[in-house]
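Please keep the sequence and the structure in view while reading.

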Amino acid sequence: MNELFEKRINTLRTLISDKKEALFLSNEVNIGYFTGFFHSEGYLVVTQNSAALLVDFRYFEAAQNKARGCKVICFQKLSESVLDVLGSEQIVYVLAEANNLTVSRFQFFKKTMSEHGIDFKADGSLDKKIGNIRIIKDKTEIEKIEKAQRIAEKAYLEMLNFLKPGVSERELAARLEFEMKLGGAEDISFDLITVTGKKTSLPHGVPSDEKVQAGDFFTCDFGAIYDGYHSDTTRTVAVGFATDEMREIYEIVLKAQLSALEIIRPNVKCSDVDKTARDIIEQNGYGVNFGHSTGHGVGLDIHELPFVSAKSDTILQPGMIITDEPGIYLPNKFGVRIEDMVCVTENGYYNFVNLPKELLIL
């Protein structure tokens with residue numbers, strides 16, 4: 001395990017251009033990726049010769065037991081400990097992540113370091129470069145995502161036993177979360193979407209006390225977290241019966257989803273995957289009702305690189321994990337979304353999702 005995190009930190013070091021330069025990470029997910037220790041308050045300083053994880057007393061013992069590939073330092077006064085690390089390496093330039101650093105925190109570090117002759121800069125390019133390091137999943141990451149998916153699917157199938165007229169969206173969300181945590185999930189991947197009837201036309205509808213009725217579509221977008229890694233799946237089912245229009249829309253979305261899956265393989269542009277699904281929906285006259293991208297990357301974050309959108313020039317490579325989730329949303333009527341999560345392989349893809357996709361009527 002030590003070798004894994006040492007390798008990751010060495011990959012991070014390739015972003016350092018000079019021996020007097022250091023990288024300064026504050027994003028807890030990125031720090032967890034490079035050290036194996038996830039925490040809500042701490043910093044990782046990486047130079048060409050060293051890596052130091054700075055945490056306060058609350059996390060020190062846990063970090064000593066969990067962190068790999070770095071030295072763990074318990075700081076009393078953060079600025080002094082950071083300056084000690086930088087001074088020991090004669091660092092004069094520090095590049096920090098921009099997306100996670102507040103303005104006040106940036107100003108604090110910039111002022112503190114400038115007083116000691118160190119140039120502190122926060123640049124979004126570092127966030128993007130780290131995202132591109134994380135974009136290819138290794139075997140251990142894939143195994144954790146697989147485990148998260150198995151936990152989520154088992155919970156979803158159990159929740160379906162309670163899906164019937166008169167049950168509220170909120171109750172179904174609660175049951176689903178309970179079953180996932182009972183099955184080994186450390187948390188849910190995001191606020192679960194368990195919506196019914198007209199609310200299925202809302203891509204990110206929020207569960208309420210609204211109750212399931214016969215003839216409704218029910219959309220469930222769900223995922224579990226296992227050892228930091230997320231899963232993500234969506235299924236739409238009908239309750240009692242489905243009208244001809246409901247069946248028609250479902251079949252269009254299913255065709256778009258399956259067609260996008262068919263072209264997923266190495267050296268295919270993410271924009272082409274999006275276009276494949278979008279073209280089918282547009283050809284059937286529902287282009288304006290599909291307003292989001294076809295998919296996104298999944299890993300330590302629920303939304304991460306690569307993004308499967310019309311604007312994405314990212315070329316799929318083995319080890320990338322993406323979702324395929326086209327949808328059609330008819331305001332004040334209903335909506336349909338079908339989502340799988342897949343890993344790009346040498347010859348195509350591996351689908352993590354084992355749930356059926358033909359229209360299920362409960």
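A residue counts as buried when its relative accessible area is under 20%, as exposed when it is over 50%, and as partly exposed in between, using a 1.4 Å probe and protein chains only. The model is predicted, so local features need pLDDT of at least 70 and side-chain atom pairs count only at pLDDT 80 or more, while totals for chains, interfaces and linings use all residues. Residues are numbered from 1 along each chain as its sequence is written, and side-chain values use heavy atoms, with hydrogens and water left out.

The structure holds zero disulfides, a disulfide being a pair of cysteine sulfur atoms within 2.5 Å. Cys-70 is in no disulfide, and its nearest cysteine sulfur, that of Cys-74, is 14 Å away. Cys-70 is buried at 17% relative accessible area, and Cys-343 is buried at 5%.

There are twelve aromatic pairs, where rings of Phe, Tyr and Trp (its six-membered ring) pair if their centres lie within 6.5 Å, and planes under 30 degrees apart count as stacked, over 60 as edge-to-face and the rest as tilted. Two of the pairs are set out here.

| Pair | Centre distance | Plane angle | Type |
|---|---|---|---|
| Tyr-33 and Phe-34 | 5.0 Å | 85 degrees | edge-to-face |
| Tyr-43 and Phe-109 | 5.5 Å | 75 degrees | edge-to-face |

Both Tyr-43 and Phe-109 are buried, and they also belong to one aromatic cluster, whose members include Phe-24 and Phe-120. Tyr-33 is buried at 5% relative accessible area, and Phe-34 is buried at 0%.
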